[in-house]
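The structure is shown below for reference.

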Amino acid sequence: MPRTPRRFPRWGDLAPLIRFRRPAFGRRHRLAQAHTIEELRAMARRRTPRAAFDYTDGAADAEISLERARATFRELTFHPEILRDVSTLDTSVEILGATSRLPFGIAPTGFTRLMHTEGEIAGAVAAQRAGIPYTLSTMATTSLEDVAAAAPGVRRWFQLYMWTDRERSIGLVDRAAAAGYDTLVVTVDVPVAGARLRDVRNGMTIPPTLTPRTVLDAIPRPRWWVDLLTTPPLTFASLNSWSGTIAELLDAMFDPSVSFDDLTWLRERWPGKLVVKGIQTVEDARRAVDAGADAVVLSNHGGRQLDRAPVPLTLLPETRAALGTDAEIILDTGIMHGQDIAAALALGADFVLIGRAYLYGLMAGGLPGVERSIDILETQLARTMRLLGARSVAELAPRHVTLPRNLP
Ligand SMILES: Cc1cc2nc3c(=O)[nH]c(=O)nc-3n(C[C@H](O)[C@H](O)[C@H](O)COP(=O)(O)O)c2cc1C
C-alpha cells in the first residue's frame with residue numbers, strides 16, 4: 001500500500017477547528033445537558049432526598065407492572081414508510097372537545113411539592129406554555145384555586161378520588177367546576193393503597209421527618225432542604241392536616257365500597273367531561289362508557305397499585321375495537337420517550353398522559369425542568385413521526401407498530 005504523505009501540523013489549519021464555548025451557568029444550562037428522560041432522572045436522583053425520589057420513582061411490591069410496561073415499549077418494532085413528504089408536521093390533537101398542541105398531557109400526581117417546591121404550579125405553568133392539559137390530583141399540595149390563578153390559560157383537568165367522606169368529595173368537585181376545570185378524571189384503581197415497599201422502608205411521611213438517616217441524606221442535597229424550610233409548609237391542599245405515613249393516609253381516605261353506581265351519580269352531578277382512569281380490562285372500559293364516561297384511561301397507575309397488572313399498551317387494540325367511536329381512549333404507564341407516545345397513538349390511543357417523565361424533570365430543576373421534559377418528548381415524538389412517514393397524529397396507524405412477540 002502506498003504510504004500517506006505526512007507534514008507538520010500548521011497553526012492556520014488548527015485554528016478554525018478550535019471552538020471554546022463561553023462557560024454558561026444556571027438551571028436552564030444544566031438542564032440542557034439532559035437529552036433523554038433517563039438523563040433527567042439521573043439529575044433528579046442527585047438533587048432530591050432519597051425518600052422523595054423513591055416515592056416518585058418506585059412502584060408497588062416487586063415493581064413488575066412498571067418494568068413490564070417500560071419493557072413492552074422498549075421491545076416493540078416500528079415499521080417506517082418512506083417518501084411521504086414529511087416537510088410539515090402537525091402534532092396537535094382534539095381531545096375531550098378541545099385542541100392540545102401535543103398528543104400528551106400531564107397526569108395527576110400527589111404530593112408534588114415534595115419533589116420540588118415549585119410543585120403543581122410548575123406543572124401547570126409548563127403545560128400552559130406547551131399548550132397541553134394539566135391534571136391536578138386530589139392529593140395535591142397546592143389548592144385548586146391557586147393552580148388556576150397561577151396558570152389561568154392552561155386547560156385544567158381535576159382528578160378525583162372518591163373518599164369515604166362523600167361530602168368532602170363533592171365539595172372538591174364543586175370547587176373544581178367553579179375554578180374552571182373542564183374535565184373530571186375519576187381514578188378507580190385505588191380501593192386500597194398499593195404496597196409501595198420503598199416508602200415503607202424509607203419510613204416516608206408527609207411532612208418529611210428528620211431522623212439521623214434523613215439528615216445524612218440531606219447533606220449532599222442542601223437546595224431541596226433550603227426550599228422546604230423557606231417556602232410555605234408542605235400540606236395537602238384538600239385536607240386539613242395529616243401526620244402519619246402516606247400508606248396510612250391513603251387507607252384512611254379511600255373508600256373500598258366505590259362502585260359503578262357512583263360513576264352514574266357523578267355523571268349527573270358534574271357538568272363537564274368525565275374520564276375514568278385506571279381501567280384494566282376491555283369489559284370495564286365498556287361499562288365505564290355505558291355509565292357515562294366520555295373517555296377511559298387505560299392505566300395501571302404507573303405500576304403503583306396491583307403488581308403484575310396488565311400492560312396498558314397491550315390492551316389498546318382490543319379496547320379500541322370494543323369502544324369504536326363511542327369514547328376516547330387515553331393511555332398512561334411506562335412512557336419515557338416520544339417513541340412510546342407515537343406507538344400508543346398508532347395502536348389506537350387518542351391521547352397519553354405522562355407521570356414520572358415530567359416529575360423527573362421537576363425534581364431535576366423545577367419549572368424549567370418540566371419544560372425540558374416536555375421539550376425532550378416533543379422532539380423525540382416529532383422525529384419519530386417523520387421517520388415513520390406520518391405527517392399528523394391521525395396518520396399514525398396500527399400498521400406502524402408491532403407489539404413484542406413474547407408479551408410479558
Ligand atoms: C409520584 C406519583 C404520584 C401519583 N399520584 C397520583 C394521584 O394522586 N392520582 C392519580 O390518579 N394517579 C396518581 N399517580 C399515577 C399517575 O397519574 C399515572 O397514572 C402514572 O404516573 C403513569 O405512569 P408513568 O409514571 O410511568 O408515566 C401518581 C404517580 C406518581 C409517579
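In this predicted model, the shell around the ligand comprises eight nonpolar, twelve polar and four charged residues. In total, 24 residues surround the ligand. The ligand sits in the largest cavity.

**Shell around the ligand**
- The closest of the surrounding residues are P108, S137, T187, D332 and G334.
- Two helices, α4 (50-57) and α18 (356-388), each supply at least two residues of this shell.

- The side chain of Y161 has an N or O atom 2.9 Å from a nitrogen atom of the ligand.
- The side chain of K277 likewise has an N or O atom at 3.0 Å from a nitrogen atom of the ligand.

**Salt bridges**
- Side chains of opposite charge can pair when their charged atoms come close.
- With a cut-off of 4 Å between a side-chain nitrogen of Lys or Arg and a carboxyl oxygen of Asp or Glu, the count comes to 25 salt bridges.
- One of these salt bridges joins R27 and E118, whose closest N and O atoms are 3.1 Å apart.
- This pair links distant parts of the chain, as R27 and E118 are 91 residues apart.
- R27 belongs to helix α2 (residues 27-32), whereas E118 is in the loop between α6 (112-115) and α7 (119-130).

Notes: Residues numbered from 1 in each chain as written. Predicted model: local features only at pLDDT ≥ 70, side-chain atom pairs only at ≥ 80, totals over all residues. Heavy atoms only, no water. Near = heavy atom within 4 Å. Polar contact = N/O pair within 3.5 Å; in protein donor to acceptor, adjacent residues only side chain to side chain. 1 Å grid on protein atoms, 1.4 Å probe; cavity = no way out; pocket = protein on both sides within 12 Å on 5 of 7 lines; lining within 4 Å. Sits in = over half its atoms within 2 Å of the grid points. Helix = DSSP H or I, 4+ residues; strand = E, 2+ residues; numbered from the N terminus. Nonpolar A, V, L, I, M, F, W, Y, C, P; charged D, E, K, R; others polar.
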